[in-house]
Amino acid sequence: MQLPKVVLLLCAAALLLSGAVRGCGPGRVVGRRRRPTKLSPLSYKQFSPNVPEKTLGASGRYEGKISRNSERFKELTPNYNPDIIFKDEEITGADRLMTQRCKDRLNSLAISVMNQWPGVKLRVTEGWDEDGHHFEESLHYEGRAVDITTSDRDRNKYGMLARLAVEAGFDWVYYESKAHIHCSVKSEHSAAAKTGGCFPGEALATLESGEKIPVSQLSPGLRVLAMDNSGRPTYSDFLSFLDHSPKEEHMFQVIKTQDPHRRLFLTPAHLIFVSDNYSTPASEFQAVFASSVRPGQYILVSNVVGLIPAKVRSVNTQTNYGAYAPLTQHGTLVVDDVVVSCFALVQKQRLAQIVYWPLRVLYNLGIIAGTQPSQQMGIHWYSKALYHLGRLILHGNEFHPLGIVQLES
């Protein structure tokens, strides 16, 4: 990271805050309420978002063809929604098979179509493809794509149909042909991995009193065990949640250590401090993505004598519900007796601590009230804004490869 990039991010953050502070409340920017925007149809050959389909900001990479006798066939579920017409020209029911994510978006779109044009239904002309009718690596082969029209086949409606598909939550929508709209979604795996960086709600933080409480119960005024810049244990003020999603399913990295035994759940894009050598001073452990941690490396853990290295015994993945990303004054904290960063998505701990400085100042001065868990849902507005600014300044390869599903929405 060159210094000018840091300066640009800080200046952008300052400009952001100058307009946001006037009316900000817990977690989100609060100002003048925007009037509902009138939906505009997509133009012929336009796609949304404006990136290629199989990139991180859209539906993501192709993961392989699903056949009826493959293990992954169980990922597909039939859609018998009576408000959707399925062409089913193969007479096999294949067009009704799709991933749950695709099914949810399609059912939502069906309602929007009936509301937009009373008496008209959504029509699916192509769904899951088991016969090889599409180009190589088409998401139709995974049940992640559908081609749609309206039941009356009025092509004058297709531009608005595409816009309604965007609003229904499809991860990529393309006005591909004058005869249909192409829609696709992320895989169930990348959707579960959800971006951002978080811990499950039952993960434990250590208070200054020595009591351990779930991170989901943290609130302003509490001080939690963390690590200072010199690699020493300290107690740091909890300020807010950078992500607070108690009901969503996430994929977590499960990192286990030996001697002392620790087990930590955190999302793949979250930063954790790692070294290849036991003798490395704590202050020189490097912040890396959780997804890059490997057995045999060392992470920092807490015990009665302070912060010490512990060898990683295993790393695997597991889904769980709820995700919480606490922000502390020091930009670090100890979760389940393991030292972690408060930050995610970009593998630059010092830069993250710098660009979040304005937000910490606002909390410290009381200009922004600390966030109670019940007052915030989703990703903090400041994190979203920084992500979008960072996308303009940083190289794409400086972000975690899973991408930012939630931040893009």
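I began with a working definition: buried means under 20% relative accessible area, exposed means over 50%, and partly exposed lies in between. I also noted that this is a predicted model.

**Entry on a salt-bridge group.** I looked up Glu-75 and found 24% relative accessibility, so Glu-75 counts as partly exposed. Its partner in a salt bridge is Arg-72, with the closest N and O atoms 3.4 Å apart. Arg-72 also meets Glu-63, at 4.0 Å from N to O. Glu-63 is partly exposed too, at 26%.

**Entry on another pair.** I then turned to Asp-152 and Lys-157, whose side chains form a salt bridge at 2.7 Å, N to O. Asp-152 is partly exposed at 36%, whereas Lys-157 is buried at 13%. Shared partners link Glu-63, Arg-72, Glu-75, Glu-142 and Arg-144 into one salt-bridge network. My count of salt bridges came to 14.

**Entry on cysteines.** How many disulfides does the structure hold? I found 0. For Cys-183 I could see why: the closest cysteine sulfur, in Cys-102, is 8.1 Å away, too far for a bond. Cys-183 is buried, at 0% relative accessibility, and Cys-198 is buried with 0% as well.

**Entry on the sheet.** I traced an open sheet of 6 strands in the order E1-E7-E8-E6-E5-E3, with mixed pairing. Its edges are E1 (47-48) and E3 (84-86), each pairing on one side only. Inside the sheet, E5 (residues 122-126) runs antiparallel to E6 (residues 145-150) over 4 bridges. There I spotted Val-124 opposite Ile-148 of E6. Helix H2 (residues 100-116) lies across E3, E5 and E6, at about 140° to E5.

Methods
Residues numbered from 1 in each chain as written. Predicted model: local features only at pLDDT ≥ 70, side-chain atom pairs only at ≥ 80, totals over all residues. Heavy atoms only, no water. Pairing = 2+ DSSP bridges. Helix = DSSP H or I, 4+ residues; strand = E, 2+ residues; numbered from the N terminus. Contact = heavy atoms within 4.5 Å. Axes fitted to C-alpha atoms, helices over the stretch in contact; angles between N-to-C directions. Disulfide = S-S within 2.5 Å. Buried < 20%, exposed > 50% of the residue type's maximum accessible area, 1.4 Å probe, protein only.
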